[in-house]
Amino acid sequence: MERRYPKEVQDLYETMRRFARIVGPVEHDKFIESHALEFELRREIKRLQEYRTAGITNFCSARTYDHLKKTREEERLKRTMLSEVLQYIQDSSACQQWLRRQADIDSGLSPSVPMASNSGRRSAPPLNLTGLPGTEKLNEKEKELCQMVRLVPGAYLEYKSALLNECNKQGGLRLAQARALIKIDVNKTRKIYDFLIREGYITKA
């Protein structure tokens with residue numbers, strides 16, 4: 001029966017199983033059901049709070065918001081994947097490792113091949129931004145950053161927007177928060193974060 005609950009409630013069910021003999025099966029099930037209901041209510045409240053923060057006031061708009069959010073997340077993952085491909089394409093061995101790693105991930109397996117370390121091989125050349133979407137929206141310093149970090153302009157603009165929004169919301173931003181927001185190589189995140197601080201786009205918390 002516990003399999004119909006969310007994982008968090010399943011863990012509670014397993015933990016509290018030993019007390020079922022003390023309180024009896026009916027009371028035990030009531031206890032678990034009440035926590036399952038609390039979990040669902042908290043999740044729904046969190047979802048509604050997200051809608052309210054985004055300025056949504058009806059469920060028709062909420063469905064559109066959810067669809068766009070899913071689309072943006074898929075696009076973000078594609079850009080991240082493209083950035084990784086561009087980073088390793090210059091090294092055939094690293095490229096093959098990356099392809100095998102992605103195949104494992106697509107199959108639902110844990111990656112069996114770790115990403116190649118940068119130590120012991122030459123650094124990849126700066127990324128050529130010619131023809132890449134979003135390049136025209138960058139200033140010269142941002143173009144230089146994207147070239148050196150090997151980050152496609154579209155991904156950089158999305159990461160920049162996310163960090164700016166969070167900084168404005170929190171009144172400042174820590175590096176740890178930036179790394180939690182954009183799930184890419186931590187060294188790239190550090191360079192983007194330092195650049196945005198240096199250029200005055202965001203401030204440290």
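**Close-up views of a predicted model**

**View A. The aromatic pair, Y51 and Y65.** Both Y51 and Y65 are buried in this predicted model. A search of the whole structure finds one aromatic pair. The ring centres of Y51 and Y65 are 5.7 Å apart and the planes stand at 90 degrees, so the pair is edge-to-face. Y51 belongs to helix α3 (residues 25–53) and Y65 to helix α4 (residues 59–88), so the pair ties together parts 14 residues apart in sequence.

**View B. The largest nonpolar core.** This core has 23 residues. L151, Y156, Y159, L163, I192 and L196 have the most contacts inside it. The largest share, five residues, comes from α7. Apart from this core lies another, of five residues, including V9, Y13, M16 and A36.

**View C. Surroundings of Y156.** Neighbours within four places in sequence are left aside here. Y156 itself is among the residues with the most contacts inside the largest nonpolar core.

**View D. A nonpolar patch on the surface.** F19, I22 and V23 form the patch. Together they have about 300 Å² of accessible area. F19 lies in the loop between α1 (7–16) and α2 (20–23). Its relative accessible area is 37%, so F19 counts as partly exposed.

Technical notes:
Residues numbered from 1 in each chain as written. Predicted model: local features only at pLDDT ≥ 70, side-chain atom pairs only at ≥ 80, totals over all residues. Heavy atoms only, no water. Core = buried A, V, L, I, M, F, W, Y, C linked by side-chain atoms within 4.5 Å. Buried < 20%, exposed > 50% of the residue type's maximum accessible area, 1.4 Å probe, protein only. Helix = DSSP H or I, 4+ residues; strand = E, 2+ residues; numbered from the N terminus. Contact = heavy atoms within 4.5 Å. Patch = residues over 30% accessible without salt bridge, like charges linked within 9 Å, V, L, I, M, F, W, Y side chains within 5 Å. Areas by Shrake-Rupley, 256 points an atom, 1.4 Å probe, with all protein chains shown as cover. Salt bridge = Lys/Arg side-chain N within 4 Å of Asp/Glu carboxyl O. Phe/Tyr/Trp six-rings, centres within 6.5 Å; stacked < 30°, edge-to-face > 60°.
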